[in-house]
Every structure is written in C-alpha cells, then in structure tokens.
Amino acid sequence: MADGTHLHSHGHYHSPEEKKKQLNRIAKAIGHLQHVKTMIENDEDCSDVIMQLSAVNAALRGLGKEIIKEHLGHCIVHAIEEGDIKAVEEFQEAIQKFL
C-alpha cells in the first residue's frame with residue numbers, strides 16, 4: 001500500500017515505525033557480520049572472531065524477538081478475532097523453528 005502498510009491474507013499490517021526498528025536491527029547485524037568477514041580475511045585472532053559472531057547472533061535473536069512481539073501484539077490478536085486459526089498455526093510453526 002502507498003502508506004507503507006503491508007496487508008496479508010489474515011489482515012495484519014506492519015507498522016512503519018516497527019518496520020524501521022526492524023530494518024535498523026538487521027543493518028546492525030549485517031555490520032557485525034561484515035566485520036566478521038573482514039576479521040577472517042585479515043587472519044585476526046579466532047577468539048575475537050567468535051566474540052564478533054556472538055554479537056551477530058545476539059542481534060539476530062533480538063530482531064526475531066521484536067518480530068514475534070509485534071506479531072503477537074497486533075497480527076495474531078486480529079487473526080484470533082477474525083477466527084483465522086490457520087494464521088495462528090503458521091505462526092506457532094514459525095516460532096518453533098526460531099526457537
């Protein structure tokens with residue numbers, strides 16, 4: 001949609017503010033990962049590389065948690081109100097894979 005809202009079959013949308021936060025988090029993870037690549041290319045200490053990889057994992061886990069929180073707070077509430085059990089089941093599967 002023109003206003004930055006993205007509708008799905010079960011009627012949820014992505015708030016532009018939340019989307020911006022999520023994109024910032026992914027940019028941070030990409031920055032960490034790019035740093036890991038540079039560290040490996042420069043034969044830096046493996047312990048330091050592992051620590052940087054830990055930062056990548058933390059950034060991605062944080063992003064996943066934020067997406068879960070937003071989806072539960074908005075999309076799943078609406079799906080339940082609309083009786084869209086398929087959307088709830090799909091999200092349950094996605095959470096199981098994330099965990």
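Reader: Where does Asn57 lie?
Author: Asn57 lies in helix H2; a helix here is a DSSP run of H or I with at least four residues, a strand is a run of E with at least two, and both are numbered from the N terminus. The model is predicted, with local features needing pLDDT of at least 70 and side-chain atom pairs 80 or more, while totals for chains, interfaces and linings use all residues. Residues are numbered from 1 along each chain as its sequence is written, and side-chain values use heavy atoms, without hydrogens and water.

Reader: Why is Asn57 called partly exposed?
Author: Buried means under 20% relative accessible area, exposed means over 50%, and partly exposed is in between (1.4 Å probe, protein chains only). Asn57 has 47%, so it counts as partly exposed.

Reader: Why does Asp43 count as exposed?
Author: Its relative accessibility is 70%, so Asp43 falls in the exposed class. Asp43 lies in the loop between helix H1 (16-41) and helix H2 (46-81).

Reader: What pattern does the protein chain follow along the sequence?
Author: The pattern is α-α-α, with three helices and zero strands. Of the 99 residues of the protein chain, 26% count as buried.
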